Protein chains: 2
Amino acid sequence: MPYKLYYWPGIQGRGEFVRLSLEQAGAEYTDVARARGGVGALHRLLDDVDAERLPFALPALQDGNVIVAQTSAILLYLGPRLGLAPEGEVDRIWANQIQLTIGDLVEEVHNTHHPIGTGLYYEDQQPEARRAAEGFRRERLLKFASWLETVLERNRAGPAWLAGGTTTYVDLSAFQVVEGLRYAFPRASGSALERTPLLVDLVERVRRLPRTAAYLASPRRILFNEQGIFRRYPELDEPG
Amino acid sequence: MPYKLYYWPGIQGRGEFVRLSLEQAGAEYTDVARARGGVGALHRLLDDVDAERLPFALPALQDGNVIVAQTSAILLYLGPRLGLAPEGEVDRIWANQIQLTIGDLVEEVHNTHHPIGTGLYYEDQQPEARRAAEGFRRERLLKFASWLETVLERNRAGPAWLAGGTTTYVDLSAFQVVEGLRYAFPRASGSALERTPLLVDLVERVRRLPRTAAYLASPRRILFNEQGIFRRYPELDEPG
């Protein structure tokens, strides 16, 4: 039975980390809201009065009777099934840890344009966003990128992939977050990524994976836009 | 060999979710920075030039040669070892999902006093904090508490525990987050928790677990304070 992905249509968002893994594995899946269900299908899932394991938020993945929400938990579940997880418990928890740290970076990026709250528009928190983005660009961006660089450097199987000697879901997630940073903060990310050559190589290696390359060239890949997590607001990328 | 917990001394913080599980299991562990190592031992771990799996941040747990960071990953690793995880992969991923959602709530609480950035003092982001806290109190607090209430209601093994029919680490985590909300937002949390009686019962059930009760009464339990995640700033609990 094909997997079902429940996520907001029109944005990459956190759902994109799941899409990239499904696509790279060549898995059969339905992107429910985009395929035919629309946003109504998402609300039916989130408001399902019978669901034993109700998701708090999206993305959520359905595999038969199993529904899993939370990006890193979905990838923990999917990774071994898609052949995109390392072998062994300790290595799988290491991959989970890398994914969680990428998730923290995503959260901090979101906070640069929504520091006061997700319930308000960007326009209602713009001065605060400028202050938040300045701290992110000055301290946090390079700290995260450097940590990923260190993970690659110290991988005993070599610096080609983040966890072990083959492609895993965290490589796809690192690709996504770097692409997003380049979109949202072209100036600041350019300067940070000059100092992380292994990470830049990883991104190119992922981009050339045949299934990922085909996905990125397809209409299934939503373009970055200003409703998603990574938004190009030039005022948030300017030196303070 | 006893576990080693690496976390900042003087605050409960995210480390407390790990401490509660270790204590409830009666596990042997050293709280490294408080035992004898001081903050220097934490920096040596974070700056270790030989570590293959370098933590990005604390808490981190050491079990022999294995080092795991990220609260939810630590609990994913420890849960089965401490007898505090449900059986079976799907139930373990469900527990992980609950822990991640509690982690998101913790993150949003932190954001109420540090909306602009962790690199700045509270005093330098106080007006922004008031705005952020207002949105949290009005929309988010009850949304999270209600979700936990629903998880208890729909647990097929009964509403005594969150995941399955016995105590797991997510019950301890739910206890911690409710206690923290009561400390930081006595007014707003009081009003929200009136609508989640099962969650309130769960908190009392956890408080009475003999090992947890002994821990809470011991000097090992750090008190809530204004350096941690849950801070009692009365101005952030006032009606806007």
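Two residues are in contact here if their C-beta atoms, placed from the backbone, lie within 7 Å. The model is predicted.

Me: How many residues of chain A are in contact with chain B, and how many of those on the side of chain A are nonpolar?
Reply: The contact joins 33 residues of chain A to 34 residues of chain B. On chain A, β4 (66–69), α3 (71–81), α4 (89–113) and α5 (126–154) each supply at least two residues of the touching side. By class, that side of chain A has eight charged, nine polar and 16 nonpolar residues. The values asked for are 33 in contact and 16 nonpolar.

Me: What relation superposes chain A on chain B?
Reply: Chain A is superposed on chain B by a rotation of 180° with 0.0 Å of shift along its axis, at RMSD 0.0 Å. This is therefore the relation of a two-fold axis.

Me: In chain A, which residue has the C-alpha nearest the axis?
Reply: The same surface serves both copies, as 100% of the contact residues of chain A recur in chain B. In chain A, the C-alpha nearest the axis lies 2.7 Å from it and belongs to Pro115(A).

Me: Which class supplies eleven residues to the contact of α4(B) with α6(B)?
Reply: The axes of α4 (residues 89–113) and α6 (residues 169–184) of chain B come within 10 Å and cross at roughly 15°. Angles under 35 degrees count as roughly parallel, so α4(B) and α6(B) are roughly parallel to each other; their crossing is left-handed. Residues making the contact include Ile98(B) and Leu105(B) of α4(B), and Val170(B) and Val177(B) of α6(B). With no charged and three polar residues, the class supplying eleven is nonpolar.

Key:
Residues numbered from 1 in each chain as written. Chains lettered and ligands numbered in written order. Predicted model: local features only at pLDDT ≥ 70, side-chain atom pairs only at ≥ 80, totals over all residues. Helix = DSSP H or I, 4+ residues; strand = E, 2+ residues; numbered from the N terminus. Nonpolar A, V, L, I, M, F, W, Y, C, P; charged D, E, K, R; others polar. Least-squares fit on C-alpha atoms with pLDDT ≥ 70 in both. Axes fitted to C-alpha atoms, helices over the stretch in contact; angles between N-to-C directions. Parallel < 35°, antiparallel > 145°, perpendicular 65-115°, else oblique. Left-handed = near helix turned anticlockwise from the far one by under 90°.
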